[in-house]
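Keep the sequence and the model open as you read.

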Amino acid sequence: MHQRVALLLALALAFKSASAIDESQVKEKWRTPFHLYLTAQEAYAMKMADPEHVLFLDVRTRQEVRYTGIADQVDANIPYRFDSSEWREKSDGIHGTFSRPRNFDFEAAVGNVLQAKGLDKSSPIIIMCTSGSRAPYAAEALHDAGFTLVYTQVEGFEGVKAKSGEHKGKRVVGGWKNEGLPWSYDLKASTMYFNFEPKQETGVE
């Protein structure tokens, strides 16, 4: 399986004139136990090279995919975290953000996607989030759950924030959207989380 995936990726990248990401180029806090990283172009090439056997997951929240769009090639939106209304203040006492609680059904939901597609935990999986910062946590969770071949798309759907220039602080560096790869605001019902969310036991017979 590993050799097959490596060959597919090599062939796909040859057509895209892209090069694989060396782990030294990845922020230490964004590295994963799998040591497998892709740019947006590489993720697209790998998925298109073998669409039926490579699973492509968007792990952003449902609100994110609704308001910012989703890649056409994504097989399922399985949120690693959920949005909430709980405010979390930053250390400066001025700014903050809304908390995003962990989706503890994440691993099981990914398993459900694999099962629905006739795949298993040894199948290659690509994970994409907003900017590449959430995907490593999702990958680590899958590693702990016994998944064996998980790639992270290091620039995310929206891209990385510019560190300088007129667009400093804005997500204009790399990423699925900025690379001009296929995406849409139109959500496919078949890829939404409610199809793969584990059924909760009610205790009622």
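## The end of H5

H5 itself covers residues 135–144; helices here are DSSP runs of H or I of at least four residues, strands are E runs of at least two, and both are numbered from the N terminus.

A word on the source: this is a predicted model, where local features need pLDDT of at least 70 and side-chain atom pairs count only at pLDDT 80 or more, while totals for chains, interfaces and linings use all residues. Residues are numbered from 1 along each chain as its sequence is written, and side-chain values use heavy atoms, with hydrogens and water left out.

Which residues of H5 are buried? They are Ala135, Pro136, Ala138, Ala139, Ala141 and Leu142, where buried means under 20% relative accessible area, exposed means over 50%, and partly exposed lies in between (1.4 Å probe, protein chains only). These buried residues pack against H4, E7 and E8, with contact meaning heavy atoms within 4.5 Å.

H4 and H5 pack at an angle of about 75°, their axes 10 Å apart. Axes are lines fitted to C-alpha atoms, for helices over the stretch in contact, and angles run from 0 to 180 degrees between N-to-C directions. That makes H4 roughly perpendicular to H5, a label for 65 to 115 degrees (under 35 is roughly parallel, over 145 roughly antiparallel, the rest oblique). H4 brings Phe106, Glu107 and Val110 to the contact, and H5 brings Ala138, Ala141 and Leu142. Sorted by class, that gives five nonpolar, no polar and one charged residues; Ala, Val, Leu, Ile, Met, Phe, Trp, Tyr, Cys and Pro count as nonpolar, Asp, Glu, Lys and Arg as charged, and the others, Gly among them, as polar.

## Salt bridges

Side chains of opposite charge can pair when their charged atoms come close. The count here comes to eight salt bridges, each being a side-chain nitrogen of Lys or Arg within 4 Å of a carboxyl oxygen of Asp or Glu. Take Asp75 and Lys117, which meet at 3.7 Å, N to O. Asp75 sits in the loop between E3 and E4 and Lys117 in the loop between H4 and E7, so this pair ties together parts that are 42 residues apart in sequence. Asp75 is buried, at 12% relative accessibility, whereas Lys117 is partly exposed at 39%.

Glu158 and Lys177 form another salt bridge, at 3.3 Å, N to O. That one links distant parts of the chain, 19 residues apart: Glu158 is in the loop between E8 and E9, and Lys177 in the loop between E10 and E11. Glu158 is buried with a relative accessible area of 19%, while Lys177 is partly exposed with 21%. Elsewhere, salt bridges that share partners join Glu64, Asp83, Arg100 and Arg134 into one network.

## H2 and the whole chain

H2 (residues 40–49) is mostly covered, with seven of its ten residues buried. The buried set is Ala40, Glu42, Ala43, Tyr44, Ala45, Met46 and Lys47.

Zooming out, the chain has five helices and eleven strands, and 45% of its 205 residues are buried. Of contacts between residues at least 6 apart in sequence, 63% join residues at least 24 apart. The accessible surface is about 11300 Å², 50% of it from carbon and sulfur atoms.

Definitions and conventions
Accessible areas come from the Shrake-Rupley method with a 1.4 Å probe; for residues, only the protein chains shown count as cover.
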